[in-house]
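Subject: Structure for your review

Hello,

Please find the structure below. Some notes on what was found in it follow.

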Protein chains: 2
Amino acid sequence: MDAILPLEVPSDEDVLSTYGIEACEGGVCAAEGIKAAGVCANLRGDPTRRDLALVSADDTCVCAGVFTQNRFCAAPVQVSKERAATGRARAVVLNSGNANASTGAPGVEVAKQVARLVATELGCAEEEVLVASTGVIGVPLALDGFVAGVPTAARALAHSTKAAHDAARAVMTTDTVPKESSFAFQVPAGDGGVATVHVGGFVKGSGMIQPNMATMLCVLSTDCAIAPEAAQAALSEAANQTFNKVTVDSDTSTNDTCVLLASGAANNELVEKGTDAYLAFAAAIRAVCEELARKIAADGEGATKLVTVDVLGAATDKDADTVARSIANSPLVKTAIFGHDANWGRVAAAAGKCGVDFDQYGVDIDLLGVPVLRKGLPVPMDEDDMLRRFEGPEVRIAIDLGVGDAHARVWTCDLTYEYVTINGDYRT
Amino acid sequence: MDAILPLEVPSDEDVLSTYGIEACEGGVCAAEGIKAAGVCANLRGDPTRRDLALVSADDTCVCAGVFTQNRFCAAPVQVSKERAATGRARAVVLNSGNANASTGAPGVEVAKQVARLVATELGCAEEEVLVASTGVIGVPLALDGFVAGVPTAARALAHSTKAAHDAARAVMTTDTVPKESSFAFQVPAGDGGVATVHVGGFVKGSGMIQPNMATMLCVLSTDCAIAPEAAQAALSEAANQTFNKVTVDSDTSTNDTCVLLASGAANNELVEKGTDAYLAFAAAIRAVCEELARKIAADGEGATKLVTVDVLGAATDKDADTVARSIANSPLVKTAIFGHDANWGRVAAAAGKCGVDFDQYGVDIDLLGVPVLRKGLPVPMDEDDMLRRFEGPEVRIAIDLGVGDAHARVWTCDLTYEYVTINGDYRT
């Protein structure tokens with residue numbers, strides 16, 4: 001009996017090879033014209049821990065951004081959203097330890113003051129500086145640490161793999177590993193030759209910060225010369241297909257922020273929408289975002305497994321997404337995976353409960369590449385073989401609803417004792 | 001500062017006192033003309049455990065039912081749904097140990113054969129017997145145990161509190177306690193006097209059954225003489241406001257079944273929709289369902305707390321329900337409660353993430369009756385007082401969105417290590 005999907009779906013790699021997109025070193029500093037720093041500003045009462053990150057272009061450049069859609073929206077998001085909408089920026093400053101959320105008008109003023117400190121150091125307009133924060137909410141963010149920390153960060157700015165890594169570390173909270181990615185590809189240069197373009201970045205996100213809520217902060221950069229609308233379109237589409245498809249615990253933060261700085265230092269022909277170069281750029285930024293998204297899911301709070309859920313055969317993209325999220329957010333599915341239990345019944349129940357229409361006798365399910373349900377009826381399985389397959393770091397679930405042609409993929413992780421420990425620790 | 005809601009909302013009690021509805025003894029046998037039994041049929045490999053329940057009216061009577069909306073729908077549900085739609089029935093037979101789900105056409109045949117065994121014992125038409133099952137899915141249900149078990153159950157049928165209790169025990173799976181409720185009130189009798197009417201029942205449900213999925217099975221009975229349409233309307237409305245507002249882990253089973261038998265033995269004037277007697281009946285059945293629903297939530301798998309979430313000030317009932325479920329299903333909220341953490345930030349984030357429109361600076365939140373957020377900004381709280389309040393068995397969350405007048409209430413429980421143990425145990 002054939003599996004619904006091969007364990008490794010080849011289509012993503014096909015896209016990369018089509019455009020000659022290859023992984024490279026450097027993270028957020030892979031792109032020329034981009035510098036980064038991550039320093040200790042003692043913002044969280046631990047002078048040995050990096051807690052302030054700065055990413056800066058050498059000059060004012062193109063920028064794009066996507067932000068949380070939570071109705072509770074933190075002060076830095078309010079500030080950065082407006083500034084990113086101009087399509088121009090110079091730098092992004094990020095802190096961990098305090099989310100500057102539910103802090104009202106004073107919180108917005110502090111966020112602007114932090115940006116002002118950075119602008120003074122870089123010699124740019126304060127409106128060209130974006131801000132992002134992650135940490136406790138409802139506690140005023142003190143400016144004190146930034147007064148000394150921002151100049152330290154500005155002095156530390158460097159175009160190096162290490163500097164990129166320091167910045168990625170400075171935004172970590174319950175993350176157990178820094179998360180970086182970078183890819184390179186070639187596009188036509190302005191002089192008729194070929195230019196090498198880099199896209200890279202880092203992200204933080206694994207769940208939430210004691211004692212508050214989940215946050216994803218992501219800074220991406222590229223040296224591609226690209227029109228602001230094209231940059232925004234590629235970023236929005238990539239975020240939608242990657243970060244917005246990750247669900248560790250179905251909770252969306254007040255502070256989620258993903259920004260892109262495009263320095264233009266690759267000296268390629270300006271990339272506009274509707275060109276081959278745009279398609280290559282969009283594929284590269286998606287590759288970076290997908291690698292970072294998978295790293296978020298794999299580093300989900302308490303996770304022991306990365307879980308990829310593919311829904312095929314849905315009537316619409318929306319139906320496919322609804323079913324995929326219903327499975328990925330099911331505590332019963334997530335605990336079964338933690339327990340190495342090939343429990344297709346929970347997958348079926350999660351698919352059936354979410355209001356999407358299908359015939360139970362038209363449904364196929366694979367777990368870990370093994371057919372376990374065909375046309376709504378169970379397929380005998382080799383339990384020992386399944387247990388061996390569960391030893392790997394990734395669990396794939398595929399379900400074909402047998403209705404149409406739409407497909408969706410989401411990433412999540414298992415639900416473990418450690419998740420309860422991280423999020424249920426007594427506050428006092 | 002005033003709390004949004006008093007800790008005990010008086011409106012429910014007001015309704016009960018309006019109609020003189022009072023708790024009484026007897027569970028599903030509170031109603032005259034109803035007998036019950038719960039026996040060991042060795043359906044789950046444990047000859048000491050009750051696993052077969054039977055509830056029977058003395059004669060064919062009015063019935064009503066509500067069933068799972070999961071697209072994966074078990075064989076007994078397929079059979080019972082059709083039979084309940086006739087508005088007439090004699091008995092309900094229930095088993096634990098095997099859900100007879102994902103078993104195809106043979107499963108439907110077994111469900112009908114079980115009903116036939118009961119019909120033979122009771123001397124009624126097999127179409128008058130409803131069936132319900134809970135347990136593992138995808139495993140054929142063997143008729144063997146029923147061949148001896150059904151006659152044993154029929155012989156054990158009795159109109160007694162103990163018999164009702166035995167039946168409630170026979171459907172338990174991961175339930176830690178049997179769950180029963182019964183209320184009585186008075187309505188006009190056919191002879192111009194007053195008749196006492198009873199409504200009672202039992203339910204099972206706490207999450208899922210190792211190694212499969214969540215199921216709620218409920219049998220209700222009354223001696224009220226009531227028209228079938230009125231019985232169905234009252235049951236549907238009550239289920240919608242109670243059982244459908246319980247969310248232990250957001251998972252809906254393939255087997256959920258709730259049926260009502262109305263014997264008419266109270267000899268009251270026939271209750272039709274649109275009468276005062278109907279309103280009293282509807283209030284009583286809702287009281288039974290609400291008590292059972294709260295018992296399900298409190299006995300959620302691994303639960304240490306019953307959690308009641310009230311959303312006020314929403315624009316529509318649907319918005320209120322969406323926000324209430326978003327809060328009740330949030331793993332971050334549920335683990336915070338387990339950790340006795342008065343974490344209003346997670347409540348706010350859960351409210352804000354679900355796509356319902358409101359202004360964050362119009363929101364009030366109470367935890368355990370204490371104001372913690374007003375107009376989107378935190379209210380200083382006494383952490384010691386909060387920790388003391390967390391010692392109780394119930395946690396109340398109230399949020400006022402400040403938009404309109406709609407209200408919704410849902411019940412859930414906390415998310416604990418024990419939940420992971422119950423659902424994540426290795427299968428082999």
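In these notes, two residues are in contact if their C-beta atoms, placed from the backbone, lie within 7 Å. The model is predicted, so local features need pLDDT of at least 70 and side-chain atom pairs count only at pLDDT 80 or more, while totals for chains, interfaces and linings use all residues. Residues are numbered from 1 along each chain as its sequence is written, and chains are lettered from A and ligands numbered from 1 in the order in which they are written.

Chain A overall

Chain A has twelve helices and 15 strands (DSSP runs numbered from the N terminus: H or I of at least four residues for helices, E of at least two for strands). Its radius of gyration is 22 Å, close to the 22 Å that the globule rule gives for 428 residues, so chain A is as compact as a globular protein of that length. The radius is taken over C-alpha atoms, and the rule is 2.2 Å times the number of residues to the power 0.38. The C-alpha trace of chain A spans about 65 × 65 × 35 Å along its principal axes.

Of the 428 residues in chain A, 63% are buried. A residue is buried if 20 or more other C-beta atoms lie within 10 Å of its own, exposed if 12 or fewer, and partly exposed in between. Taking the contacts in chain A between residues at least 6 apart in sequence, 80% join residues at least 24 apart.

A:Ala262 belongs to strand β9 (residues 257-262) of chain A. It is buried, with 33 other C-beta atoms within 10 Å. Beyond its neighbours within four places in sequence, A:Ala262 is in contact with A:Cys61, A:Val62, A:Cys63, A:Thr222, A:Cys224, A:Ile226 and A:Ala231. A:Asp223 is 39 residues from A:Ala262 in sequence, with 5.5 Å between their C-alpha atoms.

The loop between β4 (88-98) and α3 (104-122) of chain A holds A:Asn100, and A:Ser102 also lies in the loop between β4 and α3. Neither is a glycine, yet A:Asn100 has a positive phi of about 50° and A:Ser102 one of about 55°. A:Asn100 is buried, with 31 other C-beta atoms within 10 Å, and A:Ser102 counts as buried with 27.

Helix packing

In chain A, the axes of α9 (residues 331-338) and α10 (residues 344-352) come within 9 Å and cross at roughly 160°. The contact is made by A:Leu332, A:Val333 and A:Ala336 of α9(A) and A:Arg346, A:Val347 and A:Ala350 of α10(A).

In chain B, the axes of α3 (residues 104-122) and α4 (residues 144-156) come within 9 Å and cross at roughly 40°. Axes are lines fitted to C-alpha atoms, for helices over the stretch in contact, and angles run from 0 to 180 degrees between N-to-C directions. Residues of α3(B), including B:Val114 and B:Leu117, meet residues of α4(B), including B:Phe146 and B:Val150.

Seven of the ten residues of α2 (residues 75-84) of chain B are buried, so this helix is largely enclosed by the rest of the structure. The buried residues of α2(B) pack against β3 (52-67), β4 (88-98), α3, β5 (129-136) and β9 (257-262) of chain B.

Regards
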